[in-house]
Amino acid sequence: MPSRTPRATPDLKVALVCDYSLDYLGGAQSAFLDEARILAADGARVTVVAPRTKASRRSAAAHPATENPAMLDVDVRRVLPGLDLPLLRNRPQLRRRLREEFTARGIQVVHVHSEFGLTAAAIDVARELGLPVVHTVHTFFWQARMPAVFEPIAALITRTFARCVRSHPVSGTALAPSATDSALRGMTLSTAERADVVVSPSAHQADRLRAAGVRRVAVIPNAAPEATQAEPLTSVEGPVRLVWVGRLAPEKRVLEFVRAARTAQALLRPGALSIEIIGDGPLRRAVEDAADPAGPEPRPDILVTGRLSRDEVRARVRRAHLVALTSLGFDNQPVVVVEAFTEARSVVYVDADLREGLSEGGILVPSDVPGMAEALVRLVRQPSDIVDASRRAHRAAAVFSPAHHAELLRRVYADAGAPVAAPAR
């Protein structure tokens, strides 16, 4: 009789490590915290290791160290301006703290979710203690969008900064046409090369990591901590409501989406298409101006909400008919897809490389502004397509289930060398 998937011991002790601030729940932070909850619900003892922030202090106050997941937060003195990145250097004091905590908590596997100083220190300590290391890569597609004249100095600064923070060099492999992008991706590659197994939430990113020389890559899509309970749409009443969620930054192509939405609204009857833009970032003012331009023309039905809590985002998605995802060549496996499918809502997307769930339950549209606008008009005029896509998204949500995610992680941890229970007979 064939053996079943090895199951992690019920009390497997996992350290989940992330350099990013948990005050701002971007895609990486959301996926990281969801994974902590999924693992804890699956029976592992989870310690979340992250910079000390307002969010971590609230979490520690609400959940004592005996809770699961437990919080181990690390003091931060500086935050990198503009990026909200806590600056933690891989120094002896930090390694000493991690060594003491990992030993006291009986940590058996170290699972890192970023590439900076805290992650580097955690990997160093794991190697000293003989613990397996797993690295989830949230993006291998860094884009600095730097003017060519500044490329050489920007790339040098990036490599110097990374070496200073991590105490480890950046990979010198050419990974992108831009020297700065190559340096940024080199940080990810050099971290991946130190792990026993690398996790990629998407197949297309896994292919790029393997092409760069990473030998052991497993594809595990991001997941929702709860299985979907939502029902698919049966009809579309009133205006078609579409939500865009993400960081208001050039790589997300939010301005292109707003222009497409305005073009579509001009071609439709008034009030037929309602848009919500949820998020914040460097393009906030430009997005607001594009959504509500000055002049005699009617104000388009586009609301820019700013940053909302995760629960509020899910509520807006639930009230919407569709979610928009407009990045091209940047995203790995966006958490917004998980959130949309969990609410049985389809995703209008433009990047054909994004396949997990989307190839079954998404709506692929052209990436240019006229093409996006034409697709939006078509969906408003053919609401049955939206209903059908909602049903497909509901079925495809199984790939993002917590049970499926936990099962795949158990296999990766076993492959990396973590203790597992004997297979069931």
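Q: At roughly what angle do the axes of helix α8 and helix α9 cross?
A: This is a predicted model: local features need pLDDT of at least 70, side-chain atom pairs count only at pLDDT 80 or more, and totals for chains, interfaces and linings use all residues. Residues are numbered from 1 along each chain as its sequence is written, and side-chain values use heavy atoms, leaving out hydrogens and water. Helices (H or I, at least four residues) and strands (E, at least two) are DSSP runs, numbered from the N terminus. The axes of α8 (residues 254–267) and α9 (residues 284–291), lines fitted to C-alpha atoms over the stretch in contact, come within 10 Å and cross at roughly 5°.

Q: Is α8 roughly parallel or roughly antiparallel to α9?
A: Angles run from 0 to 180 degrees between N-to-C directions. Under 35 degrees counts as roughly parallel, over 145 as roughly antiparallel, 65 to 115 as roughly perpendicular and the rest as oblique. The axes cross at roughly 5°, so α8 and α9 are roughly parallel.

Q: Which residues of α9 meet α8?
A: Contact means heavy atoms within 4.5 Å. From α8 come V254, L255, V258 and R262. Their partners in α9 are A286, V287, A290 and A291.

Q: Which residues of the largest nonpolar core touch the most other members?
A: A nonpolar core joins buried Ala, Val, Leu, Ile, Met, Phe, Trp, Tyr and Cys residues through side-chain atoms within 4.5 Å. Buried means under 20% relative accessible area, exposed over 50%, partly exposed in between (1.4 Å probe, protein chains only). The largest core has 40 residues. Those touching the most other members are V254, F257, V258, L273, I275, I277 and V287.

Q: Is E276 buried or exposed?
A: E276 lies in strand β11 (residues 273–278). Among the residues E276 touches are L242, W244 and T305. Its relative accessible area is 16%. That is why E276 counts as buried.

Q: Which residue's side chain makes a polar contact with that of E276?
A: Here a pair of N or O atoms lies within 3.5 Å, one able to donate a hydrogen and the other to accept it; residues adjacent in sequence count only if both atoms are side-chain atoms. The contact spans 2.4 Å. The partner of E276 is R316.

Q: Which strands do the buried residues of α7 pack against?
A: Helix α7 covers residues 203–211. Its buried residues are A203, H204, Q205, A206 and L209. They pack against β8 (197–200) and β9 (217–219).

Methods: Lists of a residue's contacts leave out its neighbours within four places in sequence.
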